[in-house]
Amino acid sequence: MPGARPAGPKRPPGQATFVNKDFWKPDLSLYNNVTAFLAPGVMEDLREKLLKELADDGCVIACRFPFPNWPHRSSVGSGLDETFSYDMGTVRSHLRNVPDTPV
Ligand SMILES: C[S@@+](CC[C@H](N)C(=O)[O-])C[C@H]1O[C@@H](n2cnc3c(N)ncnc32)[C@H](O)[C@@H]1O
């Protein structure tokens with residue numbers, strides 16, 4: 001995972017800790033911010049892992065490849081340089097209104 005901050009009390013700017021790990025191995029509930037620059041084919045699987053493990057106040061940044069069917073809070077850039085941000089609580093609220101979608 002290109003970047004993630006361990007969950008816990010809010011830290012002042014400049015004191016974030018970044019870890020770089022294989023996305024599939026760690027329990028992502030230990031983190032509250034996750035940044036991914038991966039490939040289109042893995043975004044669906046990663047989407048399910050994030051839904052299972054990340055807290056509602058978690059934030060996800062996806063570079064270039066958005067998560068299918070997730071509403072993003074904002075995006076910057078365009079084309080290959082577009083980056084999307086997601087609030088997990090907003091994503092779950094949205095999915096609860098989509099029939100036959102496990103949240
Ligand atoms: C589109 S490239 C991004 C390259 C680079 N990370 C960057 O920021 O410019 C996708 C990257 O995802 C990495 N990757 C593939 N599977 C991964 C996984 N399970 N966990 C973390 N990174 C992975 C690959 O090593 C590859 O470098």
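Which residues touch the most other members of the largest nonpolar core? In this predicted model, they are Leu28, Val34, Leu50, Leu54, Val60, Tyr86 and Met88, out of 14 residues in that core.

## The core

Several elements contribute to this core: β2, α1, β3, β5 and α2 (88-96) each supply at least two residues. Strand β2 gives the most, with three residues.

Leu54 shows how parts of the chain meet here. Apart from its neighbours within four places in sequence, Leu54 is in contact with Leu28, Ser29, Val34 and Met88.

## Overall layout

The protein has two helices and five strands. Starting at the N terminus, the elements follow the order β-β-α-β-β-β-α. Of the 103 residues, 17% count as buried. Among contacts with a separation of 6 or more, 51% are between residues 24 or more positions apart.

## Confidence

The average pLDDT of the protein is 88, and 86% of the residues score at least 70. Strand β1 (residues 3-6) has the lowest confidence, with a mean of 58, while strand β5 (residues 83-87) has the highest, at 98. Where pLDDT is low, predicted coordinates should not be read in detail.

## How the strands pair

Strand β2 (residues 31-36) runs parallel to β3, and four bridges join the two. Between β2 and β3 the chain passes through helix α1 (residues 43-53), and this β-α-β crossover is right-handed. Within the pair, Val34 stands opposite Val60 in β3. Val34 and Val60 are also among the core residues that touch the most other members.

Strand β5 has antiparallel partners. With β3 it pairs over five bridges, and Ala62 stands opposite Phe84 of β5. With β4 it pairs over three bridges, where Ser85 in β5 is the bridge partner of Ser74. Strands β4 and β5 form a hairpin with six residues between them. In the turn of this hairpin, Gly77 has a positive phi of about 80°.

Why does Phe84 count as buried? The cut-off is 20 or more other C-beta atoms within 10 Å, and Phe84 counts as buried because it has 21 such neighbours. Leaving aside residues within four places in sequence, Phe84 is in contact with Ala62, Pro66, His72 and Ser75. Phe84 and Thr35 are 49 residues apart in sequence, and their C-alpha atoms are 9.9 Å apart in space.

## Positive phi in a loop

Asn69 has 12 other C-beta atoms within 10 Å, so it is exposed.

Terms used: Residues numbered from 1 in each chain as written. Predicted model: local features only at pLDDT ≥ 70, side-chain atom pairs only at ≥ 80, totals over all residues. pLDDT = per-residue confidence, 0-100. Contact = placed C-beta atoms within 7 Å. Pairing = 2+ DSSP bridges. Right-handed = clockwise from strand over helix to strand, strands pointing away. Core = buried A, V, L, I, M, F, W, Y, C linked by C-beta atoms within 7 Å.
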